[in-house]
Amino acid sequence: MRLGIDLMGSDTSPLELFLPILKITSTLSDHQYLIVFVTPAIFEKIHSLYRSFFDSPLSKKIIFSIADDEIYMGDEPLFAIRQKKKSSLVLGLKSLKKKQIDGFITAGNTGALIAGATLWIPLLPGLSRPALLALLPTKSNKKIAVLDVGGNVYCKSVNLLQFAFLGAVYQKCFQNISKPTVCLLNIGIESKKGTTEIQQAFNKLANLQSNNEPNLPFKFLGNMEGKEMFEGKADVIVTDGFSGNVLLKTSEGISAFIGQYLQEHIEEIPEKFLHNFRRQFSYEEAGGAVLCGLESLVIKCHGHSSPQAFGKAIENAITAIEKDAVGSLKQEYEFINPQKYLERVF
């Protein structure tokens, strides 16, 4: 197991993001390794700060891959991956393409990650684009899969339909939901609400549902407003990356605000409750968003990820690789063959 980790390009210091890597090395088995992509300057700082670690046997669990360049948050994605060919993000994706690593994590430039992954990593058969998939909590204690949450700002109706199949397969594989329910995120439940692309997606999904396809891998429930999401009435919420990203970050902001307010103003609340609240609603416990639809594991963390959040993503990635999660999803996706359904409505 070789997990690639990009420490560069985020809003958090690479030295901070290295802390969970240090902690996790002590839990790795004999066949598990972390490939860390850093620039020469950061490597020198890490080596200087943690000399005792480099003298220990645990240091053999980390292999440093030195990158000559770094893609910054403000860089234009396509320009960056073309001009910064020796950046940590590009080296990581190229290593994944060559099967030199089994998965890749970054908290860097989302656009550059999506562009590079789409160029170099094979997509599932028939899929046009990958989507960032995040799991959010609900009142029913089950996790709802939301996609896209920032990978594709603009989506055509065919993309939204593909995301519906992708989200359904994900929920079936990893939450054991035999026939997930799917909704489109919209400003109202009526079929004529929303953008043209959302209306078209609604009509085509409704068409598939009304045809009583016996093997359709999900049940389409129609449109859903944002206020209903956390009721747990659906298993998958489909949206474009612009709306999905706004939804995700707004939800995280509200959660952080409520948690901080409770901690500061309600002294009677037990610490155990606050701890459980953070575990349930904090983005730090989510472990990043999966770039779903690729034939390899790619996880995108927040640009301002804390060491705790970054560490959780690493733990999740190790588990996913050991369980061949991407292989299971690919097998189920190919078995369902969404393309045969899409050909009937497009």
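Is D148 buried or exposed? In this predicted model, D148 has a relative accessibility of 0%, and because buried means under 20% relative accessible area, the residue counts as buried. In the chain, D148 belongs to the loop between β6, which spans residues 144-147, and α7, which spans residues 157-175.

The surroundings of D148 can be read from its contacts. Once the neighbours within four places in sequence are left aside, D148 is in contact with A131, L132 and F163, and also with T239, D240, G241, G244 and N245. Two backbone nitrogens are reached by its side chain: a polar atom of the D148 side chain lies 2.9 Å from the backbone nitrogen of L132, and the side chain reaches the backbone nitrogen of G150 at 3.2 Å. As for K233, which is 85 residues from D148 along the chain, the C-alpha atoms of the two residues are separated by 19 Å.

A second topic is the aromatic residues. A pair of aromatic rings is described by the distance of the centres and the angle of the planes. A search of the whole structure finds 11 aromatic pairs. In one of these, the ring centres of F18 and Y50 are 5.7 Å apart and the planes stand at 45 degrees, so the pair is tilted. F18 lies in helix α1 (residues 14-25), whereas Y50 lies in the loop between α2 (40-49) and α3 (51-54), so the pair ties together parts that are 32 residues apart in sequence. F18 is buried, with a relative accessible area of 0%, and Y50 also counts as buried, at 19% relative accessibility, because the cut-off is under 20%.

Another aromatic pair, formed by F43 and F54, is edge-to-face, with 6.3 Å from centre to centre and 85 degrees between the planes. Since F43 lies in helix α2 and F54 in helix α3, this pair ties together parts that are 11 residues apart in sequence. The residues of both pairs belong to one aromatic cluster, which is formed by F18, F43, Y50, F53, F54 and F64.

Notes:
Residues are numbered from 1 along each chain as its sequence is written. This is a predicted model: local features need pLDDT of at least 70, side-chain atom pairs count only at pLDDT 80 or more; totals for chains, interfaces and linings use all residues. Side-chain values use heavy atoms; hydrogens and water are left out. Helices (H or I, at least four residues) and strands (E, at least two) are DSSP runs, numbered from the N terminus. Buried means under 20% relative accessible area, exposed over 50%, partly exposed in between (1.4 Å probe, protein chains only). Contact means heavy atoms within 4.5 Å. A polar contact is a pair of N or O atoms within 3.5 Å; within protein, one must be able to donate a hydrogen and the other to accept it, and residues adjacent in sequence count only if both atoms are side-chain atoms. Rings of Phe, Tyr and Trp (its six-membered ring) pair if their centres lie within 6.5 Å; planes under 30 degrees apart count as stacked, over 60 as edge-to-face and the rest as tilted.
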